[in-house]
Amino acid sequence: MKLGKYKHSKKGNFYRVIAVGKHSETLEEYVVYEALYDNPTSKIWIRPKDMFLEEVDINGKQTPRFIFVEE
(Lines give C-alpha, C1' and ligand atoms only; values in the text may rest on other atoms or scores of the structure.)
Protein backbone atom coordinates (compact mmCIF):
# COMPACT_ATOMS: atom_id res chain seq x y z
CA MET A 1 0.00 0.00 0.00
CA LYS A 2 1.33 3.43 -0.94
CA LEU A 3 1.88 6.06 1.72
CA GLY A 4 0.74 9.52 0.71
CA LYS A 5 -2.31 11.62 -0.02
CA TYR A 6 -5.74 10.05 -0.65
CA LYS A 7 -9.18 11.48 -1.43
CA HIS A 8 -12.30 10.05 0.24
CA SER A 9 -14.66 9.09 -2.59
CA LYS A 10 -17.92 10.03 -0.86
CA LYS A 11 -16.98 13.14 1.12
CA GLY A 12 -14.18 14.49 -1.07
CA ASN A 13 -11.94 15.18 1.94
CA PHE A 14 -8.21 14.58 1.74
CA TYR A 15 -6.11 12.42 4.05
CA ARG A 16 -2.45 11.48 4.31
CA VAL A 17 -1.67 7.82 4.97
CA ILE A 18 1.30 7.89 7.33
CA ALA A 19 1.71 4.21 8.25
CA VAL A 20 0.33 0.70 8.12
CA GLY A 21 0.51 -1.16 11.41
CA LYS A 22 -0.59 -4.50 12.83
CA HIS A 23 -2.89 -5.28 15.71
CA SER A 24 -0.72 -6.77 18.46
CA GLU A 25 -2.94 -9.82 19.03
CA THR A 26 -4.77 -10.53 15.77
CA LEU A 27 -2.05 -9.23 13.39
CA GLU A 28 -4.80 -7.55 11.35
CA GLU A 29 -3.34 -4.64 9.37
CA TYR A 30 -4.56 -1.11 10.07
CA VAL A 31 -4.03 2.07 8.10
CA VAL A 32 -2.99 5.12 10.14
CA TYR A 33 -3.99 8.34 8.41
CA GLU A 34 -4.22 12.06 9.07
CA ALA A 35 -7.09 14.36 8.12
CA LEU A 36 -5.80 17.17 5.90
CA TYR A 37 -8.68 19.45 6.83
CA ASP A 38 -9.96 20.96 10.05
CA ASN A 39 -11.69 18.10 11.85
CA PRO A 40 -12.59 18.87 15.49
CA THR A 41 -13.26 15.20 16.30
CA SER A 42 -9.74 13.94 15.55
CA LYS A 43 -6.76 14.64 13.32
CA ILE A 44 -5.42 11.05 13.34
CA TRP A 45 -7.54 8.04 12.35
CA ILE A 46 -7.11 4.28 11.96
CA ARG A 47 -9.12 1.87 9.85
CA PRO A 48 -8.66 -1.80 8.97
CA LYS A 49 -6.59 -1.97 5.78
CA ASP A 50 -9.18 -4.17 4.05
CA MET A 51 -11.87 -1.58 4.74
CA PHE A 52 -9.62 1.31 3.65
CA LEU A 53 -8.96 -0.41 0.31
CA GLU A 54 -12.47 -1.76 -0.34
CA GLU A 55 -14.80 -0.51 -3.02
CA VAL A 56 -18.04 1.28 -2.12
CA ASP A 57 -21.18 2.01 -4.09
CA ILE A 58 -21.52 5.63 -5.20
CA ASN A 59 -24.57 6.33 -7.36
CA GLY A 60 -24.67 2.71 -8.51
CA LYS A 61 -20.98 2.54 -9.41
CA GLN A 62 -18.31 0.61 -7.50
CA THR A 63 -15.34 2.84 -6.69
CA PRO A 64 -12.48 2.68 -4.19
CA ARG A 65 -13.38 4.17 -0.79
CA PHE A 66 -10.11 6.15 -0.90
CA ILE A 67 -8.38 7.18 -4.13
CA PHE A 68 -4.60 7.64 -4.16
CA VAL A 69 -3.66 11.17 -5.25
CA GLU A 70 0.09 11.61 -4.68
CA GLU A 71 3.04 10.56 -2.55
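Which residues make a nonpolar surface patch of about 320 Å²? Met1, Leu3, Val20 and Leu53 make it. The model is predicted: local features need pLDDT of at least 70, side-chain atom pairs count only at pLDDT 80 or more, and totals for chains, interfaces and linings use all residues. Residues are numbered from 1 along each chain as its sequence is written, and side-chain values use heavy atoms, without hydrogens and water.

**View 1. The nonpolar patch includes Leu3.** Patch residues have over 30% relative accessible area and no salt bridge, with nonpolar side chains (Val, Leu, Ile, Met, Phe, Trp, Tyr) joined within 5 Å. A salt bridge puts a side-chain nitrogen of Lys or Arg within 4 Å of a carboxyl oxygen of Asp or Glu. Areas are Shrake-Rupley values with a 1.4 Å probe. Leu3 lies in the segment before β1 (4-8). Leu3 is partly exposed because its relative accessibility is 45% (buried is under 20%, exposed over 50%, partly exposed in between).

**View 2. His8 sits in strand β1.** Strands are DSSP runs of E, at least two residues; helices are H or I, at least four. His8 counts as buried, at 8% relative accessibility. Its side chain reaches the backbone nitrogen of Lys11 at 3.1 Å. Beyond neighbours within four places in sequence, His8 contacts Asn13, Tyr15, Arg65 and Phe66 (heavy atoms within 4.5 Å).

View 3. The C-alpha trace spans about 40 × 25 × 25 Å along its principal axes. Of the 71 residues, 24% count as buried.

Definitions and conventions: Patch = residues over 30% accessible without salt bridge, like charges linked within 9 Å, V, L, I, M, F, W, Y side chains within 5 Å. Buried < 20%, exposed > 50% of the residue type's maximum accessible area, 1.4 Å probe, protein only. Polar contact = N/O pair within 3.5 Å; in protein donor to acceptor, adjacent residues only side chain to side chain.
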